[in-house]
Amino acid sequence: MRTPSIRRTLLLRCGAGTGLVLCVVSAGVYLLVRQSLYRELDESIAQTATLLANQVEYEDYTINFEWKEGIGTNRSLTEYGLFQFWDEKTGTTTRSPGLGPHDLPRFTGIEGRPLLRNIVLANGNRGRAIGLRVLPFVMPEEYEKMKATGVIVDPNTLPHVLVVARDAEQVHHTLDRL
């Protein structure tokens, strides 16, 4: 019976150790890149949601979506914007032209707080979305008109749910290549 060679034992152990270290480093890099890509996507969606939430205005006793006024000049909004508003009081919905006849899933966090989650888009792609409750903005002049007519409407009684989505397939393709 031969005794194992020290050289062979050292080579096997060093090789196994190096392989293990490379696997751990690769997994760490993958997780860091994944976290970074999702953080950028989530920040972009949250910024869009913030801008759209400020575009809901109560004027002349009706809800106006200010984003509709500039829709003809903003090509990216008409083609790629994926967002939808639901009036919680009446149940009516207003969607972006990019959605066509399709609906986004309706959701919010607890008490209407923003909530991010993964969704499946109408075209079958994986997406990422944020859902939150928004209240319409009332201009000071509008408050004065309401006082003058004696019909004052509290904007807190007109909540809307806003869901903004983005296609996340590019993120998944990048992660698949890693």
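Predicted model: local features only at pLDDT ≥ 70, side-chain atom pairs only at ≥ 80, totals over all residues.
How many disulfides does a search of the whole structure find? The count is zero. Cys14 is in no disulfide, and the nearest cysteine sulfur, that of Cys23, is 16 Å away. Cys23 is likewise in no disulfide; its nearest cysteine sulfur belongs to Cys14, 16 Å away. A disulfide needs sulfur atoms within 2.5 Å. Cys23 counts as exposed, because its relative accessibility is 56%.

**The nonpolar cores**

In soluble globular proteins, nonpolar side chains tend to be buried together. The largest nonpolar core here has 19 residues. Leu52, Phe83, Phe85, Val134, Leu162 and Val164 touch the most other members. H1, E3, E6, E7 and H4 each supply at least two residues of this core. H1 gives the most, with six residues.

Take Val134 as a close-up. Leaving out residues up to four places away in sequence, Val134 touches Ala53, Val56, Phe85, Leu158, Pro159, His160 and Leu162.

Helix H4 covers residues 169-177. Its buried residues are Glu169, Val171, His172 and Leu175. These cover an arc of only 155° around the axis, so they lie on the same side of H4. An α-helix has 3.6 residues a turn, so residues three or four places apart point the same way. On the other side of H4, Gln170 and Arg177 are exposed. What do the buried residues of H4 pack against? They pack against helix H1 (6-53), strand E6 (126-134) and strand E7 (160-167).

**Aromatic rings**

A search of the whole structure finds three aromatic pairs. Two of them are set out below.

| Pair | Centre to centre | Angle between planes | Geometry |
|---|---|---|---|
| Tyr58 and Tyr61 | 6.3 Å | 90° | edge-to-face |
| Phe65 and Phe85 | 4.8 Å | 45° | tilted |

Why is the second pair called tilted? Its planes meet at 45°, so the pair is tilted; stacked pairs have planes under 30 degrees apart, and edge-to-face pairs over 60. This pair links distant parts of the chain. Phe65 is in strand E2 (residues 62-65), and Phe85 is in strand E3 (residues 82-87), 20 residues apart. Ring pairs also link Phe65, Phe83 and Phe85 into a cluster.

In the tyrosine pair, Tyr58 is buried, with a relative accessible area of 6%. Tyr61 is partly exposed, at 36%.

One more ring has a charged neighbour. Arg117 lies over the face of Phe107, at 4.2 Å from the ring centre.

**A buried glutamate**

Where is Glu57? Glu57 sits in strand E1 (residues 56-59). Glu57 is buried, because its relative accessible area is 13%. Setting aside residues up to four places away in sequence, Glu57 touches Thr62, Ile63, Asn64, Glu66, Pro136, Phe137 and Met139. Leu31 is 26 residues from Glu57 along the chain. The C-alpha atoms of Glu57 and Leu31 are separated by 41 Å.

Methods:
Residues numbered from 1 in each chain as written. Heavy atoms only, no water. Phe/Tyr/Trp six-rings, centres within 6.5 Å; stacked < 30°, edge-to-face > 60°. Buried < 20%, exposed > 50% of the residue type's maximum accessible area, 1.4 Å probe, protein only. Helix = DSSP H or I, 4+ residues; strand = E, 2+ residues; numbered from the N terminus. Lys NZ or Arg CZ within 6 Å of the ring centre and 35° of its normal. Contact = heavy atoms within 4.5 Å. Arc of directions from axis to C-beta. Core = buried A, V, L, I, M, F, W, Y, C linked by side-chain atoms within 4.5 Å.
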